[in-house]
Amino acid sequence: YESYINQFEEKEIVNFPYLRFKLHRYLKENSNDKDIRDVQYMFIDEVQDMTPVSLSLLKELTTGIVIMAGDDNQKIFASSSPYARAGIDLRGKSFLLNENFRNTNQILNFANNFLTRGEKREVTSIDSFRDGPLPEVNLVKGSITESVINQLNIYIDDLGYEKHNIAIVVNSIYDSPTKKLLKSLDSNGIEYIDATSDQFDFTN
């Protein structure tokens, strides 16, 4: 560890974990430095995947209130609660939002089936304020590309979906199946935008 840190210091470089470490140490050793603590209200989203040191840093930089939002059901990295380790006491200061304004009840129920599958896990009941169609799962026996094109034609031509409301998620923009799909989109006259491109802009 010491050898690793010494190399950073000798070369005068940092990576993100070491940057957090250095800043955290500075804040702890310089509690009277008011210039760097210039945030009055801190709003943090997706806190379920933040490290304790990151949360502690943001708390140290804030002179007033820290408001956090997160969902343990969407946890990707953290295996345990980071809040106590970050010096943040949530007891009596947390609120559960139990109404979802983004998705329909059908989509919520569909997602919750994945959360409870294969394990005895209790999922907090959350309601949506609107209903919608049931999510569809298409099991493809033949060509995935052909299946996607057929589905797109149904959405665009038959159901009248606007193309900017449709997203196709793939493993990689560079792998062979995706290249085949993009070529098929071109040949079928279906316009698309590569969301991984530097030219991508949500306003367009």
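Before we go on, a word about the model. It is a predicted one, in which local features need pLDDT of at least 70 and side-chain atom pairs count only at pLDDT 80 or more, while totals for chains, interfaces and linings use all residues. Residues are numbered from 1 along each chain as its sequence is written, and side-chain values use heavy atoms, with hydrogens and water left out.

Let's stay with the charged pairs. The count comes to 4 salt bridges. In one of them, the side chains of Arg-37 and Glu-60 meet at 3.1 Å, N to O. Arg-37 sits in the loop between H2 and strand S1 (39-44) and Glu-60 in helix H3 (residues 52-61), so this pair ties together parts that lie 23 residues apart in sequence. Helices (H or I, at least four residues) and strands (E, at least two) are DSSP runs, numbered from the N terminus. Both Arg-37 and Glu-60 are buried, where buried means under 20% relative accessible area, exposed means over 50%, and partly exposed is in between (1.4 Å probe, protein chains only).

Another salt bridge joins Lys-22 and Glu-9, with the closest N and O atoms 3.0 Å apart. Here Lys-22 belongs to helix H2 (residues 16-29) and Glu-9 to helix H1 (residues 2-11), 13 residues apart. Lys-22 is partly exposed, at 29% relative accessible area, and Glu-9 is also partly exposed, at 39%. A further bridge brings together Arg-91 and Asp-89 at 3.0 Å, N to O. Arg-91 counts as exposed at 69% relative accessibility, whereas Asp-89 is partly exposed at 34%.

Now look inside. The largest nonpolar core has 9 residues: Met-42, Ile-44, Val-47, Met-50, Leu-55, Leu-58, Tyr-83, Ala-86 and Ile-88. Such a core is a set of buried Ala, Val, Leu, Ile, Met, Phe, Trp, Tyr and Cys residues joined through side-chain atoms within 4.5 Å. S1 and H3 are the elements that give two or more residues to this core. Leaving aside neighbours within four places in sequence, Val-47 is in contact (heavy atoms within 4.5 Å) with residues including Leu-55, Met-68 and Tyr-83. Apart from this core lies another, of 7 residues, among them Ile-149, Leu-152, Leu-182 and Leu-185.

Ile-149 and Leu-152 lead us to helix H5 (residues 144-158), whose buried residues are Thr-145, Ile-149, Gln-151, Leu-152 and Ile-156. An α-helix has 3.6 residues a turn, so residues three or four places apart point the same way. The buried residues of H5 pack against helix H6 (176-187). On the face turned away from the buried side, H5 carries the exposed residues Glu-146 and Asp-158. After H5 comes Gly-160, whose phi is positive, near 75 degrees.

Finally, visit helix H4 (residues 105-116). Its buried residues are Asn-105, Gln-106, Leu-108 and Leu-115, and they pack against strand S3 (99-100) and strand S4 (127-128).
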